[in-house]
Amino acid sequence: MDANTSFALYAERRARLAALLGPGGIAIVPTAPERTRNRDSEYLFRFDSYFYYLTGFTEPNAWLVITAEGESTLFCNPKDLEREIWDGYRLGPEAAPDALGVQRAHPTPALDSELPKLLENRRTVWFPFAIHAGLEGRIDGWLQKVRTRVRYGALCPDAQRDLCGLLDEMRLVKDAHEIAIMRRAGQISAQAHIRAMQRSAAMIRAGEDVREYHLDAELLHEFRQHGSQYPAYGSIVAAGANACVLHYRADNAPVRDGDLVLIDAGCELDGYASDITRTFPANGKFTGPQRDLYNLVLASQEAAVAATRPGARFIDPHDATVRVLAQGMLDLGLLNKNDVGHLDDVIEQRHYFRHYMHRTGHWLGLDVHDCGSYVEPGEVGTTSERRDPLSGEIIKDRPSRILRPGMVLTIEPGLYVSPAADVPKHFWNMGIRIEDDAVVTETGCDLMSRGVPVLADEIEALMRA
């Protein structure tokens, strides 16, 4: 995307937001703070997703202010040639209007003097609630300065509202520019998974000591080799029984001949996340029980993909997955029919939760667990209550979100089998998850991450290469 297209894209988003602020509205959006890792070493800076969505600006210590009339003011670090020698180039407020398309810009140290002026005579202050520590107090301080001027005819805003709701709805449906980036991120991540699979099989064939961190290193290399700035989240590389720990992190555990390996990893590209999970035999060849369990998870994913289409509800892919998995658990003996009953009993009483304890997907975008309500906005007031059969809690259900073209979500069923006396031993310590990134289209959905295969035979063929 060229500079002019980028300029127009972010300006259009700011204009859309401005139109939602209401008469006299003003929005304040800071970027993320820089964070100390230890002593005088900082974590690699990553901008705030809301701020970036409206500006495309990646420098730290920046703020955006938007009025209902469509005027945008940026606060950013001032030019400082000495600091730039140490910390890198700064755009500076003088260049910001032309570079970013905002109407005006000030150095960030001017916040305390300029914000009261911008807030004066406004009706409503919008800002992200409960995200930036200390933001509410800082806004209170600026409003107090406005109040000191009421004797001179100044009006002070009398309402504060959460900006997240407006921006969440905007971000939930991706535009063509966003989807193009996410497709590319999915392609890079798919190649990283392929690289890790092939390295695992090659090392085992060579009789080498394979560790989870060896495969993690392959992922990181492929991400950076193709321009990704960071991993989208801490990569999960789990061998053997470690795959039954849902948020396990790649460590130094051995990857043994005969193990299944679960890798949940994706890169972040230009701010946007990918999120892929594949499970494969470390040596490149599924055993019979491994293939049986794997094919069950794959069948459940296929059912979820078929249920992901415009007009369907967000919950529909999960329900489709659960039905397939629950029947498979009965068929394979993971659940005893004499103890849990038939399929509808397993679903109603949530007996499947023993081996499948997470949802089948989540929104994906600038954040790996992206923003956006999972409840249909026009039906929030429609509720029903039920008692959870496992916890005994009363749960209030609201109608699930209706899927629309441009929404992006993951589809990620799994099965996790810990050792137990009533579970066939040949399934013990198997953890299997298959995850792809889906964009809802006009007719169904498109999987953006299928550059890495999912069929068991195709995985074996890939790992023989």
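**Figure 1. Strands E12 and E13, joined side by side.** In this predicted model, strand E12 (residues 267–269) runs antiparallel to E13, and two bridges join them. Strands here are DSSP runs (E, at least two residues), helices likewise (H or I, at least four), and both are numbered from the N terminus. Look for Glu-268, which sits opposite Ala-273 in E13. For a pair to count, DSSP has to find at least two bridges between the two strands.

A word on the model: it is predicted, so local features need pLDDT of at least 70 and side-chain atom pairs count only at pLDDT 80 or more, while totals for chains, interfaces and linings use all residues. Residues are numbered from 1 along each chain as its sequence is written, and side-chain values use heavy atoms, with hydrogens and water left out.

**Figure 2. Helix H5 and what its buried residues pack against.** Helix H5 (111–119) has Leu-111, Glu-114, Leu-115, Pro-116 and Leu-119 as its buried residues. They pack against strands E1 (25–30), E4 (63–67), E5 (72–76), E6 (104–107) and E7 (124–127), plus helix H6 (135–147), where contact means heavy atoms within 4.5 Å. After H5 comes Asn-121, with a positive phi near 70°.

**Figure 3. The largest pocket.** This one has a volume of about 890 Å³. A pocket is an open set of points on a 1 Å grid over the protein atoms alone, where a 1.4 Å probe fits, with protein on both sides within 12 Å along at least five of seven lines; lining residues have an atom within 4 Å of a point. Points are joined across faces, edges and corners, and the volume is the space filled by probe spheres set on them. Its lining counts 34 residues, with Ala-32, Pro-33, Glu-34, Phe-45 and Pro-60 nearest the centre. Helix H3 (81–87) and H6 each supply at least two of the lining residues. By class, the lining has 15 nonpolar, eight polar and eleven charged residues (nonpolar: Ala, Val, Leu, Ile, Met, Phe, Trp, Tyr, Cys and Pro; charged: Asp, Glu, Lys and Arg; polar: the others, Gly among them).

**Figure 4. The second largest pocket.** Here the space comes to about 680 Å³. Of its 23 lining residues, Ile-315, His-318, Asp-319, Arg-359 and Arg-386 are closest to the centre. Helix H11 (315–332), helix H13 (343–348) and strand E15 (384–387) each give at least two residues to the lining, and H11 has the largest share, with four. The lining splits into eleven nonpolar, four polar and eight charged residues.

Terms used. Buried means under 20% relative accessible area, exposed over 50%, partly exposed in between (1.4 Å probe, protein chains only).
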